[in-house]
Amino acid sequence: MEKSKRLFIKSKRSFRRRLPPIQSGDRIDFKNMGLISRFISEQGKILSRRVNRLTLKQQRLITIAIKQARILSSLPFLNNEKQFEKSESTTRTTTLRKKKYRN
């Protein structure tokens with residue numbers, strides 16, 4: 001009987017409540033780059049609401065602020081550092097090939 005009673009008892013685990021990512025005094029604005037950059041991935045994508053732990057209203061305001069910052073070119077649309085390095089190496093090889101054909 002003791003075993004059957006144990007199955008129905010809920011475990012009382014203590015959990016630490018996480019702090020909200022946006023404090024009440026923070027303004028969600030395209031000028032606030034420190035705040036906006038926390039909600040963008042390394043690739044430059046907007047992180048989902050579940051990952052950010054934001055409310056629906058906060059997520060909407062963050063996405064609008066990020067899009068405004070991208071349009072005003074204070075934020076890049078994509079973070080293409082690796083692709084940029086590859087494109088430089090391909091342009092070098094094409095210029096070398098052109099020089100060989102000229103001779």
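In which helix is the place of I36? Select I36: its place is in helix α2. Helices (H or I, at least four residues) and strands (E, at least two) are DSSP runs, numbered from the N terminus.

Before continuing, please note the conventions. This is a predicted model, in which local features need pLDDT of at least 70 and side-chain atom pairs count only at pLDDT 80 or more, while totals for chains, interfaces and linings use all residues. Residues are numbered from 1 along each chain as its sequence is written, and side-chain values use heavy atoms, with hydrogens and water left out.

**Stop 1: the whole chain**

Of its 103 residues, 17% count as buried; buried means under 20% relative accessible area, exposed over 50%, and partly exposed in between (1.4 Å probe, protein chains only).

Next, colour the chain by pLDDT, the predictor's confidence in each residue, from 0 to 100. The mean for the protein chain is 77, and 66% of its residues reach 70 or more. Confidence is lowest in helix α5 (residues 81-102), at a mean of 55, and highest in α4, at 93.

**Stop 2: helix α4**

Select residues 56-71, the 16 residues of helix α4. At 1.5 Å a residue they should span 22 Å, and the end C-alpha atoms are 23 Å apart, which agrees. The expected span is 1.5 Å times one less than the number of residues in the helix.

Which residues of α4 are buried? They are Q59, I62, T63, A65, I66, A69 and R70. These residues cover an arc of only 165 degrees around the axis, which puts them on the same side of α4; the arc is that of the directions from the helix axis to the C-beta atoms. An α-helix has 3.6 residues a turn, so residues three or four places apart point the same way. The buried residues of α4 pack against α2 (33-36) and α3 (49-52).

**Stop 3: the nonpolar core**

Show the side chains of I22, L35, I36, F39, I40, L54, I62, A65, I66, A69 and L75, the 11 residues of the largest nonpolar core. Such a core is a set of buried Ala, Val, Leu, Ile, Met, Phe, Trp, Tyr and Cys residues joined through side-chain atoms within 4.5 Å. The largest share of this core, four residues, comes from α4.

Return to I36, which counts as buried at 1% relative accessibility. I36 and I66 are 30 residues apart in sequence, yet 6.5 Å apart in space, C-alpha to C-alpha. Leaving aside residues up to four places away in sequence, I36 touches D29, F30, A65, I66 and L75, where contact means heavy atoms within 4.5 Å.

**Stop 4: two loop residues**

Select R53 in the loop between α3 and α4. Its phi is near 60 degrees, a positive value in a residue other than glycine. At 42% relative accessibility, R53 counts as partly exposed.

Finally, select S73, in the loop between α4 and α5. Phi of S73 is also positive, near 60 degrees. At 62% relative accessibility, S73 counts as exposed.
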